[in-house]
Amino acid sequence: MDFMLDRIHKAQTLCNAACEKMGRQINIMEVCGTHTVSIFRNGIRSTLPRKLKLLTGPGCPVCVTDQGYIDTVLQLADRDDCLIATYGDMVRVPGRGGSLETKRTKANVKVVLSSEDALQLAKDNPNKIVVFVAVGFETTAPATAVVVKEAAAGSINNFCILSGHKLVVPAMRALLSGKNHNIDAFLCPGHVSVIIGYGAFAEIVEDFGRPCVVAGFEPLQIIEGLGEICQQLSAGKAELKSVYPAVVTEQGNTSAQKIIAECFEPVDGYWRGLGKIEKSTLKLKDKYSRFDGLKRFNITETPGEDTSGCRCGEVLCGLIEPPECGLFGKSCTPQTPVGPCMVSSEGACAAWFKYGQKRKDE
Amino acid sequence: MRTTKNDRILLAHGGGGQLTDELIRHHILPKFKNDTLAELGDSAKLNVDSKSLCFTTDSYVVKPLFFNGGDIGKLAVCGTVNDLAVAGSKPVALALSLIIEEGLEFELLDKILSSVSQAAKQNNVDIVTGDIKTVEAGAADKIFINTAGIGVKLAGADLGFEKIAAGDKIIINGTIGDHGLTIISQREGIKFQSQLQSDCAGVAGLTCELLENTSGANPVRNKTPEASASRLTGISNGVKFMRDPTRGGLAATLNEISKGSGLSIEIREADVPVSPVVQAAADMLGFDVLTIANEGKFIAIVSPESADDCLNICKNHPLGKEASIIGEVIETRDTPTVELITKIGGKRIVQMPYGRELPRIC
Ligand code: SF4
Ligand code: SF4
């Protein structure tokens, strides 16, 4: 315990020194929603200098999923021959025609915890076509790839996926290429890095001169990650580092990468709030196209506009904090979400709503 | 004289005729032998001499009906017993009402009734009256149970929000989150569900002991020599308030206490007992353990002078081995709030939980 507090203290000293030296606000974006929640839950903001600002990034797949995709899912949910297999937090995301939760055809919607469960659902319901709502970053994409291969090998033809899988690095590039961003550095997500390897962030460091530090989700790692970033910033450096060395390697999990590459190819895709991002979305390769829900049902997705009044886009880019949105906590709450950031437990707005009440001395 | 041999509940079992009579005589009465119930009168006559009674009711619709560490029957007894216990009373009698869906197997019903009877015995209460209704298939989910209970207020036990003062200590009798996470993991089919176990238990034995020994409450039952030896002299009004943190968990209960007393609360994360499996399950699902339901726990707000004695009494009881002083009541600066000092020394506000949480994606 003391040992931990010592390390925390050291990291805090680095943060304080950097803020003093730079004499301006330092903005660090935590890319992943799990970081956001951990930061709130552990009261990390209260231990940091005031001039260090943490921005919540686009790190929750639920939040960044485009409205067009949701609409496609809703459309398929209306068909009698389909069963929709989805992760729990997608159920409440509002599309143009309601959400999966408000569907009259709710019996067609099954919540699953894994892609395996979705495939099992197909095996158990041979008269229905099971559509797996495959969202997530590189963390969940390998699991989707595994079941697609399994379905192909076992000729399970009543199974298909709607791939909403997204890639983290292209989104970070898009953020930094935007005109009015104010991001000084990134705290990179541990579990995505386990798969892609911390080496994957090298291009951000090289092309944009922004420090990228990979950290796990324990509070100590987060604070040490922030300390490392501050040290770099005050020395005027930008480097790639991992403070999660036990778990994250430079290469990552090559077999997971292989299976992603075998089944998917990156294509341009739409992100909520960020718009179209080059080579940022995973699409099933042609040899697996019979498992591609879009092709199977002959659907062309139309990118959706965001719900009026919802400022998720700005939230996801770190331009505003959720309470600055006029709907926050008023018409938009976790029970009646207006935008996706309020839906997922790790969405920026939901995390602020649940944990963000300010203490009087903040 | 049975006309047909049924192994399932029929609608007619609730019809008031012969089948109802059979159900009561063969399945209910043998399990709850006591004179009051055996009379089968329209209402139970109780002989209690006390000027002050506590009276409560609660309905149980838990799914799954059977879970690690308990079932709906045990829960229905313990839940109501605990409501009476934390009000400062000794539970004496319960009413048991069953709403049964047509088609329920007698085998299940008998299992549930056995555990009702066992839990009642353990908690020293009699089931003195009750009711049975049957409903058509689909109109209920197998079985719903309502229990109502009467407790005799311990003379001298003087509990209430208005008794709470700054400086008072907050005690919990053991680990949090066990019940809620057991139910959720079993419902969602999570891997390590078998290692989770609900804490479902009736705490009246322990609360009565606490009150008798530290609040100048009159003993209501014979004491063993050991118990008398540990009896403290000179402390009265040690226990000021008690509540069981069920739905909404510790977070909800502490917020209610803070609001009710107009005082703020500060708790230390490091002192809140959480079992490692529960923590792991909560992390995996993205839940905050502070918001997860408990069924065998209570919070006691006690005077600073009596805190150590109260803690010892808890620790010497089978249901309080892991009891801990988790924090203090403090003066309110502005609005009453509940604050958590996290393990890393950060601070955050513990908000009233909001609605139902969905498990996260990855
Ligand atoms: S759902 Fe997964 S990828 Fe998204 S924020 Fe949570 S942990 Fe990160
Ligand atoms: S508070 Fe609601 S409406 Fe506003 S940005 Fe967040 S999700 Fe969108």
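This is a predicted model: local features need pLDDT of at least 70, side-chain atom pairs count only at pLDDT 80 or more; totals for chains, interfaces and linings use all residues.
Residues are numbered from 1 along each chain as its sequence is written, and chains are lettered from A and ligands numbered from 1 in the order in which they are written. Local features need pLDDT of at least 70, side-chain atom pairs count only at pLDDT 80 or more, totals for chains, interfaces and linings use all residues, and side-chain values use heavy atoms, with hydrogens and water left out.

In chain B, an open sheet of mixed pairing is built from four strands in the order β1-β6-β4-β5. Helices (H or I, at least four residues) and strands (E, at least two) are DSSP runs numbered from the N terminus, and two strands are taken to pair if DSSP finds at least two bridges between them. The edges are held by β1 (53-60) and β5 (126-135) of chain B; each has a single partner strand, so one side of each is left without a neighbour in the sheet. On average, neighbouring strands of this sheet are turned by 15 degrees against each other, direction ignored. Nine bridges pair strand β4 (residues 89-101) of chain B with β5(B) in the parallel sense, and B:L94 stands opposite B:I127 in β5(B). Helix α3 (residues 72-86) of chain B lies across β1, β4 and β6 (143-153) of chain B and runs at about 150 degrees to β1(B). Axes are lines fitted to C-alpha atoms, for helices over the stretch in contact, and angles run from 0 to 180 degrees between N-to-C directions; contact means heavy atoms within 4.5 Å.

Seven strands of chain B form another open sheet, also with mixed pairing, in the order β8-β10-β7-β11-β9-β12-β13. Here β8 (239-243) and β13 (347-349) of chain B stand at the edges with a single partner strand each, so one side of each is left without a neighbour in the sheet. From one strand to the next the twist averages 25 degrees. Strands β9 (residues 264-268) and β11 (residues 324-330) of chain B run antiparallel and are joined by four bridges, with B:S264 opposite B:I330 in β11(B).

Between the chains, 39 residues of chain A are in contact with 29 residues of chain B. The buried area, which is the accessible area (1.4 Å probe) that two parts lose on being put together, summed over both, is about 3,000 Å² for chain A and chain B, with 56% of it on carbon and sulfur atoms.

Ligand 2 is surrounded by residues of chain A, including A:C310, A:R311, A:C312, A:C325, A:C332, A:C341 and A:C349; a residue is near a molecule if one of its heavy atoms lies within 4 Å of it.
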